[in-house]
Amino acid sequence: MGSLSDNEKKSSINFSTESDDTTKHIGVSTQGANDGSYINYDNVFIDFILHFKGRKGIRVYKERLIQLVKEKKKSLYVDFADLEKFDKDFAYWLLDKAKEALPMLGDSLYRYLSGFEVFNENQAQDEQVIDLAKRIKPYLNDFLSSVDKIYIRLTNIPAVDLRKLDATLQGKLIAVEGTIAKLTQASERLIEGTFIHENCEVGGEFTYPDQGELDIDDRLPALCPLCGKRGTIKLIKEKSKFRKFQRAILEEPEPQTGQLPKQIELILEDDLVDTLRLGDRVRAIGIFELKTNKKGATFSYRLRVVSVEVLQPTFEEVKISEEDEEKIKELAKDPEIIERIISSIAPSIQGRWEIKEAIALALFGGVEETREDGTRRRGNIHVLIIGDPGTAKSQLLQFAAAVAPRGIYTTGKGSTAAGLTATVNRDPQTGEWYAEAGVLPLASGGIAAIDEFEKMRKEDREALHEAMEQQTASVSKAGVIMHFTAKTTIIAAANPKFGKYMPERPLIEQITFDPALLSRFDLIFILRDLPGPEDELIARKVLGLDKKNGIEQYLKQEIDPGLLKKYIAYARKKVFPQLDNEAKKLIMDFYVKMRQAGGNSQDSPIPITPRQLDALVRITQAYARMRLSDIATKEDAQRAINIMRRFLETVGLDVETGQIDIYTIMSGKPASLREKMMRLLEIIDALSNINGCAKLGEILDEAEKLNISREQADRIIRMMRRDGMIREKEPNCYIK
């Protein structure tokens, strides 16, 4: 915006709260007026800013305007509810005529501020104008020299369902909510171009457009406006004006079954650019438009964003009424609320208590913590279920995804690294590169339930490492490097490699994924299909034989899934438990005793590591959250220790020695295996020094002398060769 003359500056200030003839009038009929009268709405807006009082009698918007000038910012945020209280007709007019009105009000406010450069207190009648002038005067020159435009950004407008958008809303100011599914890089949009016509007979250089700004869909001039002829017309970039520009795709968070998710394109400009991230759950307020598609007379939806608010992950999606809140608080008073929550996880599935308990812990989660040195402890509790076919793993995962405030169910067979994290593609219509979110960013703040985990390709599973620990997802393609938030809890289910779990063999030999990924799960449990006393109970439940008077009888009273979902959302939104001193001492004592029980030598098994210590803290906090308690007590810590011990005794057991060794999970190599590997390496080293390489048969003979069976030695040799610890110099002849 060019500088204003002194006369223009004087006329820009309305020194009283009444209308001034020198101010530009807006010819808009007031809503509900029968006489066709017109209102000077820019003066109404200035009056609102100067005199509206919020809580405690503070003139909220005058203070915001002063802060805007001090900090040299462009955007003034206005709560629509405040406008509605001040002047209902003005507020509704603004909703209806936002495309023309908002830029006009912003320009009017800029002119108003410019007028204070020549402000004379003696001319003013309003104390608020005088106060404003005194407080902004020291900062005004810097503001006007660095800011050329003010944006009026409305907030707090009720959202419209994405599936209810239609052409009748064109030009209206609306709000929509959803998840950012695609995002382009920031770029510059031409708003006023200076061009040169090389063969012009008149002069050649011209500005286009001569009034206003170029719109997104406007084309560059094909004819020279000076001579009216075609020819080579070039843009002089250094003399042209640009504005920051970015596109995003907003997607409904919970698409209807069997239908493509509803989407709308968002247009972000100036200081709104780069404020969003893939997977963000947002409320976007903007002017609704129809966008012409590339081919045919069809149109898609577009929103020119006026303001955008990143919602608190997960929790805003679940609407909790006052009545719901009362029910939730009443539930929390039950001394057996934890047992009730666990029994409410997939209640149609008989038994599986430990698995249901682990899923409940994952749904509630711990508290994310940033330490003084900047390191962060995640709050998400990741759970892995390894089980025989037909043990209801899929049903458990589907229930978890359904009851989570934000949950996505997917399968490993159809999931790629890009589908899980993010990818970068080129838009076929615009040619722009855009990032597209995968499952983990879209489920950020919620649950990603991944079934058939073992069917994922190795390189696709490796994409989970960063997301599970750092809670971010990264993508690099075509020179584009982007990082996205992925604070997602993963509940995964996998089948054993050999079809059925064999307790006599180490876990690492029965799965297809690496120990590095396995170690990132806080809880791992085995589901085995064994005949036993529960068979009749399962059969009765499947056949409906345990129903009485049409009401199924359970051991405990379950919580309705809809209420459970609200309970989880409320707990994660409102409750952030911290461990009391007794809980801390109990966990510390357990950790120290477990470490000491493994022995002090270098080759001793290690039952527990600091990674499990962090997990114990998260699990303790999750139990406290189930009770809606801000204090995690000794009892919560004892529950956490019990479930951790069951996990370690089941999965972290060295099957050869019967001792707990966490490196069974962390590296796939417990102490007993490491010892055998060292002995075999010594044999290979000794034999290769004599013969140039160690023949397999001779290695196995020597291994038997050390009480290592030939079968086991052969398996270890193949593993060491795969890991690069030894290499095959000749067929079946090895060297280190």
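The model is predicted, so local features need pLDDT of at least 70 and side-chain atom pairs count only at pLDDT 80 or more, while totals for chains, interfaces and linings use all residues. Residues are numbered from 1 along each chain as its sequence is written, and side-chain values use heavy atoms, with hydrogens and water left out.

**Exercise 1. The whole protein**

Find how many helices and strands the protein has, and what share of its residues count as buried.

Solution. Begin with the elements: there are 25 helices and 28 strands. Helices (H or I, at least four residues) and strands (E, at least two) are DSSP runs, numbered from the N terminus. Next, look at burial: of the 736 residues, 49% count as buried. Buried means under 20% relative accessible area, exposed over 50%, and partly exposed in between, with a 1.4 Å probe and protein chains only. Finally, take the contacts, where contact means heavy atoms within 4.5 Å. Among contacts with a separation of 6 or more, 69% are between residues 24 or more positions apart.

**Exercise 2. Helix α19**

Work out what span helix α19 should have, and compare it with the distance between its end C-alpha atoms. Then decide where its buried residues lie around the axis.

Solution. Step one is the length. The expected span of a helix is 1.5 Å times one less than its number of residues. For the 17 residues of α19 (residues 581-597) this gives 24 Å, and the end C-alpha atoms are 24 Å apart, which agrees.

Step two is to list the buried residues: Ala 583, Leu 586, Ile 587, Phe 590, Tyr 591 and Met 594. Seen down the axis of α19, these buried residues fall within an arc of 130°, so they line one face of the helix. The arc is that of the directions from the helix axis to the C-beta atoms.

Step three is to look at both sides. The face turned away from the buried side of α19 carries the exposed residues Asn 581, Glu 582, Lys 593 and Gln 596. The cover over the buried residues of α19 includes β24 (578-579), α20 (610-626), β25 (631-632) and α21 (634-651).

Step four zooms in on Tyr 591, which is found in α19. Tyr 591 counts as buried, at 15% relative accessibility. Leaving aside neighbours within four places in sequence, Tyr 591 is in contact with Ile 608, Thr 609, Pro 610 and Leu 613.

**Exercise 3. Helix α8**

Now try the method on helix α8: which of its residues are buried?

Solution. In α8 (residues 322-332), the buried residues are Asp 324, Ile 328, Leu 331 and Ala 332. Down the axis of α8 they fall within an arc of 100°, so they line one face of the helix. Turned away from that buried side are the exposed residues Glu 322, Glu 323 and Glu 326. What covers the buried residues of α8 includes α9 (337-343) and α18 (561-574).

**Exercise 4. Cysteines**

Find which cysteines a disulfide joins, and explain why Cys 200 is too far from Cys 224 for a bond.

Solution. First, the rule: a disulfide is a pair of cysteine sulfur atoms within 2.5 Å. By this rule the count comes to one disulfide. The pair is Cys 693 and Cys 733, with S to S 1.8 Å. Cys 693 lies in the loop between α23 (671-691) and β26 (694-695) and Cys 733 in strand β28 (residues 733-735), so the pair ties together parts 40 residues apart in sequence. The torsion about their S-S bond is about 95°, so the disulfide is right-handed. Both Cys 693 and Cys 733 are buried.

Now test Cys 200: its closest cysteine sulfur, in Cys 224, is 3.8 Å away, too far for a bond. For Cys 227 the closest cysteine sulfur is also in Cys 224, at 3.8 Å, too far for a bond.

**Exercise 5. Backbone angles**

What is the phi of Gln 471, and is Gln 471 buried or exposed?

Solution. Gln 471 lies in the loop between α15 (464-469) and β18 (472-477). Its phi is positive, about 65°, although Gln 471 is not a glycine. For background, most residues other than glycine have a negative phi. Gln 471 is buried, with a relative accessible area of 2%.
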